[in-house]
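Student: I've got a model open and I'd like to learn how to read it. Could you walk me through it?

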Amino acid sequence: MLKYWKKTSEKIVEGLLFLSGTVSSLVVLLIVLFLFKEGLSVFNQSPIEEGYIIAVNSSNNIDRLDPHQIKDIYDGKIINWSEISGPDVAIAPFRFSDITDFTIEGQLADDFSNLSFVLDSIVAVNPGIIAFFPEKYIKSGFRGKTLEKSKLGVIEFLGGTQWFPTAEPAAQLGVLPLVLGTLWVSFGAILIALPLGLATAIYMAEIAHERVRGILKPVIELLAGIPSVVYGFFGLVVIVPMIKDLFGLPVGETGLAGSIILGIMALPTVITISEDALRNTPRIMREASLALGATRWQTIVRVVIPYSISGITAAAILGIGRAIGETMAVLMVTGNASVIPTTLLEPVRTIPATIAAELGEAPQGGVHFKALFALACILFIMTLIINLLVEYASSKSIRSKKN
Amino acid sequence: MNTTKLFLFALVPALVLTSCGNNEKQDESKKEEISFTIKGSDTVLPLTQKAAELFMKTASENSITVVGGGSGVGISALMDGTTDIAMSSRDLKTDEKLKLSEGGHDVKISIIAFDALAVVVNPSNGVSNITREQLEGIFTGAIKNWKEVGGKDLKIIAYSRESSSGTYEFFKEHVMSKKNYASDILSLPATGAIIQSISQTPGAIGYVGLAYINENVKTLSVSYDQGTTFVAPSVEAAKDKSYPVSRPLYYFYESSKESLVMPFIQFCLSAEGQNLVKEVGYVPVN
């Protein structure tokens, strides 16, 4: 009886373990699926808002405009159609919300009943007009010409250099500055975190007295528990002005400030993992090295570090992973200007900061909302590559040890 | 919970009908059981929250739910009927008016406060007057050095709010004649961060709500008439409308719900409510 009971309870525990494993894998899979479904659908949409059209006068020979041209026209940077191989007429940009500037008092009925007639006559009368208004107000026999609405292209999205997701009438969705900004800041962070972290790990694993190590280790692990917004505020108040004065810059919110903060935040990961790797070096190897007459320093450099190099690589890569995904601290110190960074001493905008700052107000299902999901997909692929690299690094060392 | 609420909703009109005329007192006590939702602008949110708290204290039967999310969110909730009051830091857009009139909604507007935006620079900056055209040039990237607007030879560092903020949109529409910000503008997630950054960057310029001004930053006087008159931002100047960069804060509600929401709006416009407006840092209506 007791034996039977033992068996059943074992079965139940096994079942529970299986269930929790399946459920959590399924949840992760579903999240990824959802992410990619939302993100990839951005390419089915036009940067011009759903349900809106752009129309020009019928005498105009322009048939299509790309989003940059539309933005430059509405920003007043292109002021004549001849600049974009159209007729030599000054451009009159018209937004639906400006309708009262184009009509005389009383022309537009209070209940908007004659709206499509008014829109039609505005477009027909002005030869230089470019009008942006909802599609449903096109009256039959519309005397203007509507421009072709092209979908967002993959190259335009990945290679575009302008990020103005809320620009009207055409959103500018070029993610190149954001991707480069993320890589740039994370790269800087690991340049700071790796030497510092490795040095601390070596000190703790090889040199420090047991009592010192007993104090140091919890303190470093405490670093991982500080909320990132606290790091962000510390960065804004302390590190940003410091960088500005040190390099004589006009502005302190730079990629470097983000790198320093992220470097500090990645330290616990780098230290803990590389210290574990260092301490895993078999005692025999260390003793053999010392017995051959090597000094402690020689033993560390020639024996311990080479032996644990895969663990140290994993620490570095996981540190980058931590830095790439970090949101709040970066949002506060890097200045978030969406320009392509050329040095670490310029403001940059990262992917996580962009998502955090913009997702709240992006209309659900719109092109901006989906573009943010596509950004999340890019971030996901970046971290996936990093994790694969970790796998590769650790598997490689196991093989070399076996040989 | 839900069924009891439903029951109450059914009960109140029934009681009102039956007690009509013969028992005034009971009628009034039942009417006080007010429960409604306010949704919309994050700018108006702190004010509404405080007002709602105080209003609920005066009569324990009142239950008001206040939700943020942005002006646009509130207005579309008003269209769906999921909120009773939409708070907004801007007037209705043409297409919103259109959608509302198409849906057969009759929307009433009440202005509960004004908010003024101050243009702020580092205290070490010698410039103290600026025109709207110069501000447009600075934020669209056409003007890059302080000497172009009469200051020192110093690079201009322009700070803005994130694009999700109503303040970002307001500044773009009101000051930059709807042109887009330059792409090298620094954007920060919070007004506090803008104040902090401007106070430690000599060439900085930015915009914040009047309530956030402190001694670490210097405000500029703004001219909307090509430099003829410059007005410094202050509560008084915003009140008499001589300061141009100010906006009303609105409550929108449907006329059919007027009897439900009017006590609260009247409370906001009362002396007590307008004191709260001052406390939160906005400009009272009267």
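Student: Which residues touch the most other members of the largest nonpolar core?

Tutor: Some ground rules before that. This is a predicted model, where local features need pLDDT of at least 70 and side-chain atom pairs count only at pLDDT 80 or more, while totals for chains, interfaces and linings use all residues. Residues are numbered from 1 along each chain as its sequence is written, and chains are lettered from A and ligands numbered from 1 in the order in which they are written.

Tutor: A nonpolar core is a set of buried Ala, Val, Leu, Ile, Met, Phe, Trp, Tyr and Cys residues joined through C-beta atoms within 7 Å. Buried means 20 or more other C-beta atoms within 10 Å of the residue's own, exposed means 12 or fewer, and partly exposed is in between, with C-beta atoms placed from the backbone. Here the largest core has 162 residues, and A:A131 and A:I261 touch the most other members. The element that gives the most to this core is α9(A), with 14 residues.

Student: What does A:A131 touch?

Tutor: Contact means that the C-beta atoms of two residues, placed from the backbone, lie within 7 Å. Leaving out residues up to four places away in sequence, A:A131 touches A:I54, A:A55, A:F94, A:L119, A:I122, A:V123 and A:G144.

Student: How do I read a helix pair?

Tutor: Two packed helices are described by the angle between their axes and the distance between the axes. Axes are lines fitted to C-alpha atoms, for helices over the stretch in contact, and angles run from 0 to 180 degrees between N-to-C directions. Helices are DSSP runs of H or I with at least four residues, strands are E runs of at least two, and both are numbered from the N terminus. In chain A, α9 (residues 255-279) and α12 (residues 309-325) have axes that come within 8 Å and cross at roughly 155°. That crossing makes α9(A) roughly antiparallel to α12(A) (angles over 145 degrees count as such).

Student: Is A:Y52 buried or partly exposed?

Tutor: A:Y52 is partly exposed, because it has 18 C-beta neighbours inside 10 Å. A:Y52 sits in strand β1 (residues 52-57) of chain A. Among the residues A:Y52 touches are A:F132, A:F133 and A:P169.

Student: How many residues does each chain put into the contact between A and B?

Tutor: Chain A supplies 35 residues and chain B 27 residues. On the chain A side, α8(A) has the largest share, five residues.

Note on methods: Angles under 35 degrees count as roughly parallel, over 145 as roughly antiparallel, 65 to 115 as roughly perpendicular and the rest as oblique.
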